[in-house]
Amino acid sequence: MATLMAPNQGMLQEGAREEKGENARMASFVGAVAMADLVKSTLGPKGMDKILQSMGRGHEVTVTNDGATILKSVYVDNPAAKVLQDISKVQDDEVGDGTTSVVVLAGELLREAEQLVGQKVHPMTIIAGFREAEAVAKAELTAAAFSNAEHPEAFRNDLLNIARTTLSSKILTADKDHFAELAVDAITRLKGSGNLEAIHIIKKAGGALKDSFLDEGFILDKKIGVGQPKRITDAKVLIANTPMDTDKIKIYGARVRVDSMAKVGEIEAAEKNKMREKCQKIIDHGINCFINRQLIYNFPEEIFADAGVMSIEHADFDGIERLALVLGGEIASTFEHPGEVKLGSCKLIEETMIGEDKLIHFSGVALGEACTIVLRGASSHILEEADRSLHDALCVLGETVKEPRVLYGGGWPEMRMARAIEEAAKKTPGKKSLAMEAFARALRQLPTTIADNAGLDSADIVATLRAAHGADPGASRMGVDMIAGAAGDMRELGIYESFKVKQQVLLSATEAAEMILRVDDIIRCAPRQRSG
């Protein structure tokens, strides 16, 4: 009796697996929706945190509610879940915030699409509907945005409101006014350049979060060497990445035969002379401060001290790159031609104390907008999360300075977009209108989730918002007021969001949902066989 073979049975290598049609689509939907559900509970001002424990040595623990950090740390096997991981990473790199929102919206779009597929609506029809809905939502978002860029005082107020809104869903929520001021002051110093590299963040355990402060200039987390000058004015700084440890014999892989200990002494003396010459070349640049990426051993440190040059060793690489930028110098590794080396400069270098630690403070630096935010906190976990939260706020503010349009927050943009899409769906013939209505429902899930995470009656609040936006289309300012646990006026509450962030969430989530919807075949390759 002849047996029927699957069409690809002889084509795929043994061990490879294939899922087609409905099964493939279900696997994609399930993976993506599970990923969205994972971070859903972290959304909004009352969102919960996750504890991430690494499987590596030391089992490091991270406590966070930052969507990108959570998704980046989770190992997933599902290809659709990987797509969502990727969009949260891009959202983080592009605008710094909205990493949870983009994944939740993409997950809700796929949840709605799954139901439509179950009703025998073809995926390409759903995609066409989603695209039309996205265009309507984008137009509505652009129309709803407003800008106060011409009025510095009002614009600063907008920036403070955006910073408070961003920080309200983070660990810094209790001191959000203090940190909003810090973040806005730091961004304002950049004078519109948006170069976040000029803002240095130092984490020092001890004290409370509200003891954090902004310092003009640059603070390097290092100590000044023994016997060095502790204070230098009008500093000329040479920043280098070069070995300063050749006061010991280091002739790797070579064998040296000597017939007496005196000859060993001569080799050591030659090594010392080489180091003395190198130090002299560095001093001849006319500097009074030398900062090295690598270690500086006792002998060269002694030479620098005798010449009245402050030497700082083993400055971490991130620190030294930023220091070169801030001081207006370049990192050197050879010292033969002093004229070709670009030195850094600043008005004053001195030692400063933060908590129990001594650090080096550079003030009056060449890059005038440079500043350092010093974070204080009870433990390293709190400091790490505070750093992530502040980074999000700085990124959003940096984007808002470049693109000054703002929106009200608290689910207001989603409610407006959903209403506009539903109006357009009524005028759209065919099954595309079903997909557009599904898009509107998915958008409304964001304010619903924000309310759910605070333990509020989300159905009642979202229905109230829907009625308010329907009764006064385009003029209503109603959104979710988390403190009162009801609908509230977003302008009076000062809940603002960046237009750029919201637009990026809308576009990225729609693209990711469309990509996953297109899948009708998953082929898993055979694992590589180990030989012997």
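A: Start with Phe130. In this predicted model, Phe130 has a relative accessibility of 2%, under the 20% cut-off, so Phe130 counts as buried. Its ring pairs with the ring of Phe439. The two centres are 5.5 Å apart and the planes meet at 75°, so this pair is edge-to-face. Phe439 is buried as well, at 0% relative accessibility.

Now place the two residues along the chain. Phe130 sits in helix α5, which covers residues 123-144, and Phe439 sits in helix α13, which covers residues 432-453. The pair therefore ties together parts that are 309 residues apart in sequence.

Phe130 also belongs to the largest nonpolar core, which has 101 residues. Nonpolar side chains tend to be buried together in soluble globular proteins.

Take Ile126 from that list. Neighbours within four places in sequence are set aside here. What remains in contact with Ile126 is Ala113, Leu116, Val117, Val121, Ala435 and Leu517. There is also a second, separate core, with 23 residues. Its members include Ala235, Ile239, Leu327 and Val365.

Back to the rings. The model has seven aromatic pairs. One of them joins Tyr408 and Tyr496. Their centres are 5.4 Å apart, with 80° between the planes, and the pair is edge-to-face. Tyr408 lies in strand β14 (residues 406-408) and Tyr496 in strand β17 (residues 496-498), so this pair ties together parts that are 88 residues apart in sequence. Tyr408 is buried at 8% relative accessibility, and Tyr496 is buried at 7%. Both tyrosines are in one aromatic cluster together with Phe146 and Trp412.

Another ring has a charged neighbour. Lys82 lies over the face of Tyr75, at 5.7 Å from the ring centre.

Most residues other than glycine have a negative phi. Lys120 is exposed, with a relative accessible area of 69%. Asp234 also has a positive phi, of about 45°, and is not a glycine. Asp234 is found in strand β7, residues 231-240. Its relative accessible area is 53%, so Asp234 is exposed.

Finish with the cysteines. The structure holds zero disulfides. For Cys289, the closest cysteine sulfur is in Cys346, 7.5 Å away, which is too far for a bond. Cys289 is buried, with a relative accessible area of 0%. Cys371 is in no disulfide either; the nearest cysteine sulfur is that of Cys395, 14 Å away. Cys371 is buried too, with a relative accessible area of 0%.

How values were computed: Residues numbered from 1 in each chain as written. Predicted model: local features only at pLDDT ≥ 70, side-chain atom pairs only at ≥ 80, totals over all residues. Heavy atoms only, no water. Phe/Tyr/Trp six-rings, centres within 6.5 Å; stacked < 30°, edge-to-face > 60°. Helix = DSSP H or I, 4+ residues; strand = E, 2+ residues; numbered from the N terminus. Buried < 20%, exposed > 50% of the residue type's maximum accessible area, 1.4 Å probe, protein only. Lys NZ or Arg CZ within 6 Å of the ring centre and 35° of its normal. Core = buried A, V, L, I, M, F, W, Y, C linked by side-chain atoms within 4.5 Å. Contact = heavy atoms within 4.5 Å. Disulfide = S-S within 2.5 Å.
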